Amino acid sequence: MAERMLQFVRLSQQTPDKRDAAERRTDFGEIYQRFSAERASEQASRCSQCGVPFCSVHCPLNQNIPDWLKLTAEGRLQEAHEVNAATNTFPEICGRVCPQDRLCEGNCVIEKGFESVTIGAVERYINDTAWEMGWVKPPTPSRELAHSVGIIGAGPAGLAAAEQLRKRGWQVTVYDRYDRVGGLMIYGIPNFKLEKEVVLRRAEQFAAGGINFVLNCAIGRDVTLDELRAKHDAVLIATGVYKARDIGGEGADLSGIVPALEYLTASNREGLGDDVPDFASGALNAAGKRVVVIGGGDTAMDCVRTAIRQGAASVTCLYRRDKANMPGSMREVKNAEEEGVTFSWLSAPEGFVGENGAVTGVRAVKMHLGLPDATGRQQVERIAGSEFTEPADLVIKALGFDPEDLPAMFGAPELAVSRWGTVQVDRRSMMTKLPGVFAAGDIVRGASLVVWGIRDGRDAADQIEKYVLAKAVTPALAAE
Ligand code: FAD
Ligand code: SF4
Ligand code: SF4
């Protein structure tokens, strides 16, 4: 039955049910359950159909959110899916992993006085239903074109560009050094936030639509950038950021101190059924161990929660600021607390202690928050005499990521990068300093979000098309 809109005055916000923490700790299944049809329709009907929808303004994809909420409230799910899928390459993934409290939902106008519409959960519901009903189709074009693009990186940015160009009839080849499609969606983000089947089924559809994947192929090692440029009309660099920020200090080379992404990748591979020697040997497995995770971002939260599920004896997160100043999403901190993680706020690591070459503890010191600096952020100051040692058999460093040295990796010194190593592009055309070579996603922005990767990939597809078509008409001009 059709629901009227503006029901926020009558209906309270209901988020999807969360599995009990005691149960969650024992498996890697997603923690949020799906809305029932009735709940999705009810929750969508809370939208007040704003003339200027701030939810859309703050969604990186500027989606027509009020439209698909209304269609959902009216039970017109296939239409809701079509409207939603027109602007989002991975709506069922964004519904799961976007930090909605900072994006669409955090800017929903009924938030003032009432709680926001649960946009992300409705988006997930619409598109999980679409998959079940067979409404999601491969990106098969109505006619084939000769234009060809080579995309480096099968993460959200590369895949979004691939899907858009393939739908328009382009010959699309995506190269990735991993053995699976998905980038950080497959090997970074843990299963309890995004079940891998959700990513793999998309990859299968893309292949069925004629996107050619060349996996286990590292550009710069197996194929050169010049070879790709010669083979395709345009090249898109969507390689993400993978150089882990490190921490020094005495004892930093002890065994048992590992980077976050290695640890998470091993866990994801194990879940996918791969043979993972470092997991089997215990090197990247938290089972039975006292685990300390250093860092306060979302990657740190993913590590602590993975360690809990692997059966760690204890899991402690060391962060040098307080809870209010954590960069990670509060939703994820709450989930981690419920699952039994201990947070040691205002604690900065200074070194490591060990026995027989293996780590046995993290030497840390308590901090206090001082005056704000020029950026407005409070500075942390060490409290003399507050040193302590946190016992640990496994230490996971989750301090963020920087870009690899792409000009060196690609043997292309002309590829201009910023002082942080991100690839520089023309803001409008998204082209790098190399003619016909574009860049998108984390490698341009620095570590960011899946939804921004999708946005950049879709924009890059438009710019690539514009460039190649212009070149076909006026070769001399386009080459300038
Ligand atoms: P990536 O996803 O990193 O994909 C890049 C691809 O390029 C990879 O597959 C890589 O193998 C390939 N590649 C790199 N170099 C080469 C080469 N030389 N040759 C061939 N292939 C190459 N975002 C959210 O929105 N929500 C979350 O909950 C969230 N959780 C996260 C958890 C973790 C642990 C991490 C690390 C990140 C998380 N993110 C999250 C961020 C998000 O995953 C990234 O912002 C997003 O995946 C970036 O997309 P991308 O396409 O630019 O790069
Ligand atoms: Fe919100 Fe992300 Fe969906 Fe945009 S893509 S509506 S930000 S959940
Ligand atoms: Fe609906 Fe909130 Fe968006 Fe307004 S801001 S259109 S109430 S979801």
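This is a predicted model: local features need pLDDT of at least 70, side-chain atom pairs count only at pLDDT 80 or more; totals for chains, interfaces and linings use all residues.
Biologist: Why is α14 called roughly parallel to α15?

Modeller: The axes of α14 (residues 298–309) and α15 (residues 330–338) cross at roughly 20°. Angles under 35 degrees count as roughly parallel, so α14 is roughly parallel to α15. The two axes come within 10 Å, and the crossing of α14 past α15 is left-handed.

Biologist: Which residues of α14 and α15 meet?

Modeller: From α14 they are Asp 298, Met 301, Val 304 and Arg 305, and from α15 they are Glu 332, Val 333, Asn 335 and Ala 336. What counts as contact here is a pair of C-beta atoms, placed from the backbone, within 7 Å.

Biologist: How do the residues of that contact between α14 and α15 divide?

Modeller: Four are nonpolar, one is polar and three are charged. Asp, Glu and Arg count as charged, so Asp 298, Arg 305 and Glu 332 belong to that class.

Biologist: What makes up the shell around ligand 3?

Modeller: It has 14 residues, with Cys 47, Cys 50, Pro 53, Cys 55 and Cys 108 the closest. Helices α3 (54–57) and α4 (65–73) each supply at least two of the shell residues. By class there are 12 nonpolar, two polar and no charged residues.

Biologist: Where does the name for residues 148–452 come from?

Modeller: An unreviewed UniProt entry lists them as "domain: FAD/NAD(P)-binding". In the model, that span is 28% helix and 25% strand, and its end C-alpha atoms lie 24 Å apart.

Methods. Residues are numbered from 1 along each chain as its sequence is written. Chains are lettered from A and ligands numbered from 1 in the order in which they are written. Axes are lines fitted to C-alpha atoms, for helices over the stretch in contact, and angles run from 0 to 180 degrees between N-to-C directions. Helices (H or I, at least four residues) and strands (E, at least two) are DSSP runs, numbered from the N terminus. Angles under 35 degrees count as roughly parallel, over 145 as roughly antiparallel, 65 to 115 as roughly perpendicular and the rest as oblique. A crossing is left-handed if the near helix is turned anticlockwise from the far one by less than a right angle, and right-handed if clockwise. Two residues are in contact if their C-beta atoms, placed from the backbone, lie within 7 Å. UniProt positions are given in the numbering used here, feature names are shortened, and annotations may be inferred rather than shown by experiment. A residue is near a molecule or strand if its C-beta atom, placed from the backbone, lies within 6 Å of it.
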